[in-house]
Amino acid sequence: MWTDFISYVEFIVTFIGVFGIFTYIFIDNIYVVETTGFLAVFAEALLGAPQFYRNFINKSTQGMR
C-alpha cells in the first residue's frame, strides 16, 4: 500500500532505471536475459492466481471475471 501517488511513481521510475541499467550491462549474458524474460512471463501468468484461489476456497465460480 502506497502512502501517496508520488512514492509509487518514484518506485516505478527507480525500478525501471535499476533494472534497465542491469539489463544493459548484462545484455550479452544469455543466462541473465533468459532469466529476466522467464520471470516477466511467470509474473504475468500468475496475475489470475488470486481469483482462482478465491474460487477454489469458495467452491464456486460466481463472480469470475
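**Entry 1: the start of α2**
I looked up the N-terminal end of helix α2 and found that Asn-29 caps it. A side-chain oxygen of Asn-29 lies 3.0 Å from the backbone nitrogen of Tyr-31, and I used the polar-contact rule (N or O atoms within 3.5 Å; within protein, one able to donate a hydrogen and the other to accept it, and sequence neighbours counting only if both atoms are side-chain atoms). Helices here are DSSP runs of H or I of at least four residues, strands are runs of E of at least two, and both are numbered from the N terminus.

The model is predicted, so I note that local features need pLDDT of at least 70 and side-chain atom pairs pLDDT 80 or more, while totals for chains, interfaces and linings use all residues. Residues are numbered from 1 along each chain as its sequence is written, and side-chain values use heavy atoms, without hydrogens or water.

**Entry 2: the length of α2**
Next I checked the span of α2, which has 16 residues. From its first C-alpha to its last, α2 reaches 22 Å, close to the 22 Å expected at 1.5 Å a residue (1.5 Å times one less than the number of residues).

**Entry 3: the whole chain**
I counted 3 helices and 0 strands, and the order from the N terminus is α-α-α. The radius of gyration of the chain is 17 Å, whereas a compact globule of 65 residues would have one near 11 Å (taken over C-alpha atoms; the rule is 2.2 Å times the number of residues to the power 0.38). The C-alpha trace spans about 50 × 35 × 15 Å along its principal axes. How many of the 65 residues count as buried? I found 6% (buried is under 20% relative accessible area, exposed over 50%, partly exposed in between, with a 1.4 Å probe and protein chains only).

**Entry 4: aromatic rings**
I found 8 aromatic pairs in the structure. One of them joins Phe-38 and Phe-42, which are stacked at 5.6 Å centre to centre with 15° between the planes. The rule I used pairs rings of Phe, Tyr and Trp (its six-membered ring) with centres within 6.5 Å; planes under 30 degrees apart are stacked, over 60 edge-to-face, the rest tilted. Both residues lie in α2 (residues 30-45), 4 residues apart, about one turn of the helix. An α-helix has 3.6 residues a turn, so residues three or four places apart point the same way. Phe-38 is exposed because its relative accessibility is 53%, while Phe-42, at 43%, is partly exposed.

I also noted one aromatic cluster, with Trp-2, Phe-5, Tyr-8 and Phe-11 among its members.

**Entry 5: Lys-59**
Lys-59 lies in the segment after α3 (49-58). Which ring does Lys-59 lie over? I found it over the face of Phe-56, at 4.1 Å from the ring centre (NZ of Lys or CZ of Arg must be within 6 Å of the centre and within 35 degrees of the ring normal). Lys-59 has a relative accessible area of 66%, so it is exposed. Its phi is near 55°, a positive value in a residue other than glycine. Most residues other than glycine have a negative phi.

I found Ser-7 in helix α1 (residues 5-25). Is Ser-7 buried or exposed? Ser-7 counts as buried because its relative accessibility is 19%. A polar atom of its side chain lies 2.9 Å from the backbone oxygen of Asp-4.

Val-33 is in α2 and is partly exposed at 36%.
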